[in-house]
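Welcome! Take a moment to turn the model around on your screen, and then we will walk through it together.

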Amino acid sequence: APGLAGRMSRVKESPSSRVADRVREFQAAGRKVLPLTIGEPDFDTPGPVKEAAIAAIRAGETKYTSANGTPALQAAIRDRLLRKTGQAYGPGEISVGGGAKQLIFLAFLATLDEGDEVIVPAPHWVSYPDMVTVNGGSPVLAAAGAETGYKLTARALRESITDRTKWLVLNTPNNPTGAVYGEAELEALAGVLRAHPRISVLCDEIYDEINFGTRPVPSLVTVAPDLRERIFLANGVSKAYAMTGWRIGYGAGSPELCAAISTLQSQSSSCPSSVSQAAAAAALNGGREFIDETVAVYRERRDLLVSGLDAVAGLRPLTPEGGFYVWTDASALSGARTPEGRVLETDADLAEYFLETAGVVVITGDSYGCPGHFRASFALDSATLAEAVTGIGRAVSLLR
Ligand code: PLP
């Protein structure tokens, strides 16, 4: 076998993929599993989006496209960004890739030199630190915990900045907590950033349409348009339109960064799938009906899951403002003893106990840089959620 590069020691498989393997193992053994690990909508892609893809195939849109996407998708993205942020992005300020994930990876690959630091507020999406380290950078975790509503404060930001800081990652709505930054909170961060012109901001807004608030999720670029050249907005169609398997994401930022990402695309994947691009354009150009309908369903499930977990002694779920995860403080159960006499010490012990006792799978808080918690998804039907809540309640009641 070829020897692996040194950088491979700086990256591990995504915990979500690892848990998915564990779920498959359990299912293969004939055991029922309630996978509250799901990181994607359980809805089907909207019919008109599928039709647009079929039409694209029939019309022969089956060849390489520009590394930065088709003109039609580019236009749909720019319209969407204008509606959302009030900013008119030009053609050279958009990147298109195989998911927001790929674009975030490429943004780091394009900009990080050995030792450059990236501030990642914790709890954080599992992938940011690995994406930073594999590209030579150093993730600097900044506390954004319960005390501050799971948001990075201006003070915590200021304290994390060094001469090597290159990026701040801002994920709103947040995975795993569902926290959404308000305008005043973004303005406070912008104030710090204005004093540090070398720092750019990677704004991951992939969950912005799954929003339980009465107003749209605010964007840093809207609050602080003067920082626009330093902001890379990452978004996509995966979550809003139930299109995770189509693999289309987009980014908006400075022409220099978008050109660099395009160069990397042209030397790695050439371009994202032409058929998926046609589907993504149809999704972005379509009405809001699908989003409104699915958010109403998510809201009911959210309320069911939060109230169910809240009724379990020892669990403190946070009501998410966006996304489809409930972040739950389970630190009160640390040190508890199972009926078999095993002591629950780590997050993994608790997760394994839920799996064995109730068939419920959750993702451990330490995966997100915040032990003593777990993340439970509500991208599942209400009957499954109700069964999971009952199972967790029973499992916890057996602890002593
Ligand atoms: N960013 C966050 C915070 C996510 O949770 C995810 C998916 O789980 C992504 C980005 C990736 O989305 P995409 O499917 O567009 O690559």
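Among contacts in the chain between residues at least 6 apart in sequence, 73% link residues at least 24 apart; two residues are in contact if their C-beta atoms, placed from the backbone, lie within 7 Å. Keep in mind that this is a predicted model: local features need pLDDT of at least 70, side-chain atom pairs count only at pLDDT 80 or more, and totals for chains, interfaces and linings use all residues. Residues are numbered from 1 along each chain as its sequence is written.

**The whole chain**
- You can find 13 helices and 13 strands in the chain (DSSP runs, H or I of at least four residues for helices and E of at least two for strands, numbered from the N terminus).
- Buried residues, those with 20 or more other C-beta atoms (placed from the backbone) within 10 Å of their own, make up 49% of the 400 residues.
- Along the principal axes, the C-alpha atoms fill a box of roughly 60 × 55 × 55 Å.

**Two domains**
- The chain is divided into domain 1 (6-44 + 290-397) and domain 2 (61-285), with bounds from an automatic or database domain assignment.
- Their C-alpha centres lie 26 Å apart.
- Where they meet, 30 residues of domain 1 are in contact with 30 residues of domain 2.
- On the side of domain 1 that touches domain 2, α1 (15-28), α11 (289-310) and β10 (325-329) each give two or more residues.
- The largest share of that side, six residues, comes from α11.

Terms used
Buried ≥ 20, exposed ≤ 12 C-beta atoms within 10 Å, placed from the backbone.
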